[in-house]
Amino acid sequence: MRGMKGWELVRPEGRVWWRLVLALVAGVAASGSAVALLATSAWLITTAAAQPPVLILLVPIVAVRAFGVGRGVFRYVERLAGHDAAYRVLGETRARITGRLERIAPGGLSGRRQGDLLARLVLDVDAVLDLWLRVLLPVAVAAVTAFATVVLLVLLLPTAGVAVAVAVLIACTIVPWLTAWTAARAERRIAGERGEVAAAATETLLTAGDIVAFNAVDDVMAAFSAHDDRLAAAERRSAWSAGLGGALLVLCVGGASIAGLVLGSTANITGAVFAVLVLTPLALADVLGGIPAAAQLVIRVRAALGRVQELVDAPEPVREPAMPVALPQGRGLEVKQLRVGYGEDDVLAGLSLDMPAGSRVVITGASGSGKSTLASVLLRFLEPRSGEVLLGGVDLASLEGDQVRSVVGLLTQESHVFDTTIRENLLLAKPGASDLRLWRALYLARLGVFVEGLPDGLDTMVGEHGARLSGGERQRLAFARLLLADRDVLVLDEPTEHLDEETGRALLADLFAAAGKRTVVLLTHRPDLVPAHARRQTMNLT
Amino acid sequence: MKPLDPRLLRRARAARAFLVASVVIGVASGALIVVQAVLLARGIAGVVLHGADVTGVVWALAAVVAGRAALLWLQEVVAQRAAAAVKSTLRRQVLEHALKLGPVWLSGERSSALTTLLTKGLDDLDPYFARYLPQLVLAATVPAGVVGWMATGDLIAAGTVLVTLPLIPIFMALIGWATQAHSRRRQRALGVLAHHFTDVVTGLPTLKLFGRAKAQEDAVRRVTDRHRVASMSSLRVAFLSSFALELLASISVALVAVGVGLRLINGHLGLETALMVLILAPEAYLPLRQVGMQFHASADGVAASEEVFRVLETPLPERGARIDVPDLRTNTLQLYDVTVRYPGRAEPALEGFDLEVRPGEVVALTGASGAGKSTVLSVLLGFVAPERGVVVVGGSAADEFEPTEWRRQFAWVPQRPGLRMGTVADNVRLGRPAASDDEVRLALLAAGASELELDKAVGERGQLLSGGQQRRVALARALVTDAPVLLLDEPTAGLDAEAEAAVVAGLRATGRTVLMVAHRPALIAAADRAVVVGSRELVSV
């Protein structure tokens, strides 16, 4: 496991190890009880057949009952301890990832669908629970119990013990390998077709209006069915190899039992020991039964944790200076011969731009021309490859990111609104601000009348990602937050992207009006929405 | 949650065949379990009592073990194939039904939820078919067979199992019922945790903007710990259910073993029977225990299928069957007192709207954002049924006509056109599949997009085209039809004044009736007349 990608993230802390050990011990005790129950019963019954005095059977009778109770009790302890430990590891993993991402996001996460990327990450992290509760713990419990059983049988009759050992070894090595291999092969065969069907379904739902309006439902469904047929055919083909691991496990357990019967029938042992040799392997079926499922799961868990690791391993996009200089007094921004990009490609090369304090600058360009990249550099989310950005004459590289962001603020097309009240969302920008200041910011962002009309006012919950607000309201709330933070330079990155034309135009007019004496840098691909008075200094990125 | 949803069997033929196959395999498995027990007992008893030769028993046992392995494999194969067929059937049914329910029903969150359901959600049915259903069949067949066979040898042991076996589902139901509140509370606690983490992680860039990101690592740790404590206290209760199950099953086996042992001493029972009973007793409980386990593993699949049926059971709006739709080239289109209210909204989207559009007229719909301009077009396209009021053509109400026939009268350019993977020509031909290359080129020319090659790929969601190009392809798609009425939703947004003028001129030249949502003065001025939609005062946004 240490070699596994992502292990460092899901590694339990010292105290949690003890809980895991407790879960393991309880699990072995529970599974061991199940094996011992059958072994002792076999011994009891075969001995009883010789009709000995009842007294010598008292101990095994008590033992059988004890094992019967023990299995349930120990299993309960195992599950509690295991879940407690797994939830602790999950919490710690989440905290570690938050810490790592804090240094990487957003500049280090290239690509456009950052929201999707992070949402995916959250789901992937949950694989930690599966890793511990459904893979590592059950496999460890099965292996230890099976090993103990083998030891017991070797003591009774070495040859039969060795035969069972071979069966256990196959069940712990070849069975999981075969299961994982067939699952991976099926996945490889199906993945492509599944992707096609997913893409076709997504497109069909996204263009439902167009399809219905032009009476094309039948044509579209015919095309979708063709994709769907190919997926179903691929799934049917891979079905043939699906149950092989489980079938092999049945052969192992049955073979061990038969070996006990053959080897024990000619050995010099008592009838009771013989019965134990033949019947004990049957109990192993239950003990080892979870291994194929764990092997199948481990593929998904590894993939998920690998993705998480890859994400948090992204290089930190900005080197904080060892000795940051003091924040300059001046608020003018100057971009000189800026070259910046992700991976091998430069997104911007040789860009120069002068933005004196209080100026209005509109920067236009199609999507992909580097507008958001420029915003990231201005916010010190991203480091230039060459050239420099000066704030009040001081190179941003000699300032800490937080220093820069105490002067430069940002409003993006998808401003994150937290699932809490309007008040809490605003206070984020200025902890402890009075209600008076909150209302002032809301009115400046032209959201005051709306909030005043809400039954709960400032204490209205906005919903997940602000779902209870319209797109325009969400952007205005984010803008009010930015105004409250009182930054001297405002970078607006496509603030109207998800709004309809009219709402976007109104928002931009209000943004420029409320900005007052601040410097405003607007990045947009829709210059036609910008009020005429703000369009004096424009620049086009290509 | 029902153990087996009859709707699944009704909707998917493959599921019925699968169930039959599973019962056959289940009965065979049960028989082999009994045979295996009988053979093992005979072999052991023979050796212990009179040192018999085991060769015959060993060969028979080997055959039985091989048979059980083969059945297990077969079950898995059948299950996977059935799952593939059922998923495929449901996917198509859901997609087609969703399209028939229309884009208004599909709007917003529902569309993305449905996409998830069709792509990932249905795959959760795999464990339902591969594990849960076969186990359910086994739970119904194996215990009966096993107990029946035990009864032929030892009535008392069979009686013990028969009494305790039904206790398991009863106890599970009782405890499940008693712990329901606890498990709901735990689910909620876990949900809150996951949600908090999502909110923090997706909001990190924002937190960083305001210098508040560094504190988040500890915040996540603190919140997680608080909820873990709460959720563990309810887990202690929730796990009681499986505790009772395990305990009952293993105590019953112990009871059977001890009882059999004591009766052996008294000479009431032979060794072979006793061993057979001992081997069979755990097998009687095993399927029930596993059903419980698989039930949780397949819960996601059951939830997905319930979601599927919720969609499939949403009734389609009732529409007439008349196909003699009056031609709008010669008939006037009239809307009287049309009021539309979207589900879940208190305010109507459109209220008491009247409109008359004569053949060949160019009419602009104006009004504030959110006043219901696009809703007027949705009503005409039949995407949404008015709560009050009526659309009339040639003396008949629109809802008397068969919807696809009705829609032939209209061609639509939506505000955000949905282009599909393929070429520019493919997309234009959505309007009229039989259009020739020249007709497609002509339509593109009229839409002001003559620079676009017919075989240019548009990419996913039209990404390879600019926003303006996407609109013009959508316009060409409408123009290539021979529909008498064009419904345009802000057709010139994103175009400069010159291109806009060209488009308007092109529209005029077709001589068709045009009803268009318009914001810009130039476009409104180009119409024969403008109609204001809605007069509600909108305070903000």
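This is a predicted model: local features need pLDDT of at least 70, side-chain atom pairs count only at pLDDT 80 or more; totals for chains, interfaces and linings use all residues.
The buried residues of H13(A) begin with Lys371(A), Ser372(A), Thr373(A) and Leu374(A), and the list carries on with Ala375(A), Ser376(A), Val377(A) and Leu378(A). After the helix comes Arg380(A), with a positive phi near 60 degrees.

**Strands in chain A**

Strand E4 (residues 386–391) of chain A pairs with strand E1 (residues 333–342) of chain A through five bridges, and the two run antiparallel. One pair to click on is Lys336(A), whose bridge partner in E4(A) is Glu388(A). E4(A) also runs antiparallel to strand E5 (residues 394–395) of chain A, this time with two bridges. There, Leu391(A) has Val394(A) as its bridge partner. The hairpin of E4(A) and E5(A) leaves two residues between the strands, and Gly392(A) takes a positive phi near 55 degrees in it.

**Helix packing in chain A**

Helix H3 (residues 58–104) of chain A turns up in two places. To begin with, H3(A) packs against helix H5 (residues 127–156) of chain A at about 145 degrees, and their axes are 8 Å apart. Their crossing is right-handed. On the H3(A) side, the contact includes Gly82(A), His83(A), Ala85(A), Ala86(A), Val89(A), Leu90(A) and Thr93(A). Across from them, H5(A) brings in Val128(A), Leu129(A), Trp132(A), Leu133(A) and Leu137(A). By type, the residues of this contact of H3(A) with H5(A) are nine nonpolar and three polar, with no charged ones.

**Where the chains meet**

Which helix of chain A gives the largest share of the side that touches chain B? Overall, 114 residues of chain A are in contact with 110 residues of chain B. The largest share of the chain A side, 23 residues, comes from H3(A). Sorted by type, that side of chain A has 62 nonpolar residues, 29 polar and 23 charged.

**Over in chain B**

| Domain of chain B | Residues |
|---|---|
| Domain 1 | 1–154 + 294–316 |
| Domain 2 | 155–268 |
| Domain 3 | 333–532 |

Between the C-alpha centres of domain 2 and domain 3 of chain B there are 56 Å.

Chain B also has an open sheet of five strands, ordered E6-E7-E8-E3-E9 and paired in parallel. Why does one side of strand E6 (410–413) and of strand E9 (529–532) of chain B have no neighbour in the sheet? Both stand at the edges, and each has a single partner strand, so one side of each is left open in that sense. On average, neighbouring strands of the sheet are turned by 20 degrees against each other, direction ignored.

Inside the sheet, strand E7 (residues 485–489) and strand E8 (residues 513–517) of chain B run parallel and are joined by five bridges. Leu486(B) sits opposite Val514(B) in E8(B).

Helices pack on this sheet too. Helix H14 (residues 373–381) of chain B touches strand E3 (362–366), E6, E7 and E8 of chain B, and its direction makes about 145 degrees with that of E7(B). Helix H18 (residues 467–479) of chain B lies across E6 and E7 of chain B and runs at about 180 degrees to E6(B).

Note on methods:
Residues are numbered from 1 along each chain as its sequence is written. Chains are lettered from A and ligands numbered from 1 in the order in which they are written. Two residues are in contact if their C-beta atoms, placed from the backbone, lie within 7 Å. Helices (H or I, at least four residues) and strands (E, at least two) are DSSP runs, numbered from the N terminus. Ala, Val, Leu, Ile, Met, Phe, Trp, Tyr, Cys and Pro count as nonpolar, Asp, Glu, Lys and Arg as charged, and the others, Gly among them, as polar. Domain bounds come from an automatic or database domain assignment. Two strands pair if DSSP finds at least two bridges between them. Axes are lines fitted to C-alpha atoms, for helices over the stretch in contact, and angles run from 0 to 180 degrees between N-to-C directions. A crossing is left-handed if the near helix is turned anticlockwise from the far one by less than a right angle, and right-handed if clockwise. A residue is buried if 20 or more other C-beta atoms lie within 10 Å of its own, exposed if 12 or fewer, and partly exposed in between; C-beta atoms are placed from the backbone.
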